[in-house]
Amino acid sequence: MISNLRYLIILVFISSCGIMHNVPLSQKPNSFDKPNISNSFVDQNGNFYPDNWRKTYGSPPSNGKRDAYSLMKIAADKGITDELTGFEVKKLREFKERVKTKKRVFVFVHGFNANNEEVNESYGYIQKLIKVNAKDDEIVRFYWDGLWTSNPFAGAKIWFTATSFSQMAGEFGLRRVLNTISNKDIYIISHSRGASVVLSALAEPHFNEKFVKDIKEIHNVDVENAKELLENKNRITCIMLAPAIGLADFKSQEAGNDSFCTISPQVKKMHITINNTDKMLKKFFGFFADKFNPTDLGYKDNVYNELVKQYTCFDKTDFSGMESHAFNSYIRSPKFKTMLKANSIALAK
């Protein structure tokens with residue numbers, strides 16, 4: 001056990017080289033594509049990238065550090081926060097108008113350590129897999145800063161930073177998208193730490209006091225000012241592939257309160273995968289799955305068994321036997337098609 005712990009510590013600290021922030025390839029990352037695709041791209045704090053963002057905000061350094069770069073930090077330093085927030089309000093208003101007449105909204109949310117090329121391949125596959133109607137259905141391709149690296153030794157280091165990024169992306173990014181939608185059937189398909197983005201949008205995520213203080217002082221973002229999820233009479237189904245979260249993610253954010261958080265009654269289903277052979281979820285050794293920011297919801301069913309005592313919306317599908325954690329592996333499994341059908345999502349012929 002001690003030798004395994006030392007091995008993990010070495011993996012975490014052996015290198016920070018080549019860790020990149022996940023930033024848009026396009027200069028108009030929050031845009032609409034015909035006939036029915038909306039692109040939504042947020043930074044590490046959940047702020048939406050404006051048009052021609054690179055000219056004003058530049059590119060982040062190649063070190064993946066939390067304090068080095070964010071849209072709001074740079075906007076505050078340049079005195080253009082009103083421009084940034086104004087752009088966000090405008091785009092969310094446009095999205096609200098765009099989906100007003102739609103019946104269903106599909107939202108795709110990727111995981112950590114995924115670059116744009118990989119994510120776009122996965123999103124494109126799901127788009128072709130499900131049967132959609134351009135008039136009645138909208139597809140939202142949601143992107144967040146889960147960091148990424150090609151260095152195999154830096155992946156563990158990415159994990160610890162990306163966990164808080166996922167919560168901010170959910171509370172300040174995805175939640176604002178969901179708040180523009182009313183009386184729709186919403187299907188959110190997430191992978192890995194994308195489950196944290198989703199859960200943080202639907203419930204109140206927990207942040208430690210130091211993070212809250214630092215994010216306010218360094219990035220000019222006040223976590224306590226986050227808007228609540230509006231009860232807009234939506235019917236939300238979450239399909240969480242390889243959910244890299246744990247029991248702690250469902251606990252109250254209030255200090256000294258160990259009770260479970262309240263999930264909006266709009267959430268009708270949380271359908272997760274369980275996979276006791278997923279190498280990433282078991283953190284290679286298994287007994288680390290519930291430690292160092294837990295990943296055991298998708299790894300073994302003891303967390304699921306606890307959650308079904310508290311919430312009636314949970315369901316599961318066992319993917320055990322598949323070792324890969326990759327988004328592309330999960331969506332190409334025949335079991336994913338079974339999950340879609342179980343949630344009344346028809347497949348394209």
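Which residues does P29 touch, not counting residues up to four places away in sequence? In this predicted model, P29 touches P24, N39, S40, F41, Y49, P50 and W53, where a contact means heavy atoms within 4.5 Å. P29 lies in the loop between α1 (2–13) and β1; helices (H or I, at least four residues) and strands (E, at least two) are DSSP runs, numbered from the N terminus. With a relative accessible area of 6%, P29 is buried. Buried means under 20% relative accessible area, exposed means over 50%, and partly exposed lies in between (1.4 Å probe, protein chains only). The C-alpha atoms of P29 and S40 are separated by 6.7 Å, and the two residues are 11 residues apart along the chain.

Residues are numbered from 1 along each chain as its sequence is written. The model is predicted, so that local features need pLDDT of at least 70 and side-chain atom pairs count only at pLDDT 80 or more, while totals for chains, interfaces and linings use all residues; side-chain values use heavy atoms, with hydrogens and water left out.

The chain as a whole comes next. Its secondary structure comes to 11 helices and eight strands. Of its 349 residues, 56% count as buried. Among the contacts in the chain with a separation of 6 or more, 78% are accounted for by residues 24 or more positions apart.

Strand β4 (137–143) is largely enclosed by the rest of the structure, because seven of its seven residues are buried. In a regular strand the side chains alternate between the two faces of the sheet. In β4 both faces are covered: D137, I139, R141 and Y143 are buried on one side, and E138, V140 and F142 are buried on the other. Two strands pair if DSSP finds at least two bridges between them. Strands β2 and β4 run parallel and are joined by five bridges, and F41 has Y143 in β4 as its bridge partner. Strand β3 (residues 104–109) also pairs with β4 in the parallel sense, over six bridges. Here V109 stands opposite F142 of β4.

Several loop residues have backbone features of note. K34 and P35 are joined by a cis peptide bond, with omega about 0°. P35 is found in the loop between β1 (32–33) and β2 (37–41). L147 has a phi near 60°, a positive value in a residue other than glycine. This residue is found in the loop between β4 and α6 (155–178), and L147 is buried, with a relative accessible area of 1%. K233 is not a glycine either, and has a positive phi of about 65°. The place of K233 is in the loop between α8 (209–219) and β6 (235–241); at 67% relative accessibility, K233 counts as exposed.

Rolling a probe the size of a water molecule over the atoms shows where empty space is left. The structure holds two cavities of 30 Å³ or more. On a 1 Å grid over the protein atoms alone, a cavity is a set of points where a 1.4 Å probe fits but cannot get out, and lining residues have an atom within 4 Å of a point. Grid points are joined across faces, edges and corners, and a volume is the space filled by probe spheres set on the points.

The largest cavity has a volume of about 110 Å³. Its lining holds 13 residues, of which N30, N39, S40, K91 and F95 lie nearest the centre. β2 and α4 (81–99) each supply at least two residues of this lining, and the largest share, four residues, comes from α4. The lining divides into six nonpolar, five polar and two charged residues. Ala, Val, Leu, Ile, Met, Phe, Trp, Tyr, Cys and Pro count as nonpolar, Asp, Glu, Lys and Arg as charged, and the others, Gly among them, as polar.

The second largest cavity holds about 80 Å³ of space. Residues lining this cavity include Q167, S196, H206, D249 and C261. The largest share of the lining, three residues, comes from α7.

Methods: On a 1 Å grid over the protein atoms alone, a cavity is a set of points where a 1.4 Å probe fits but cannot get out, and a pocket is an open set with protein on both sides within 12 Å along at least five of seven lines; lining residues have an atom within 4 Å of a point.
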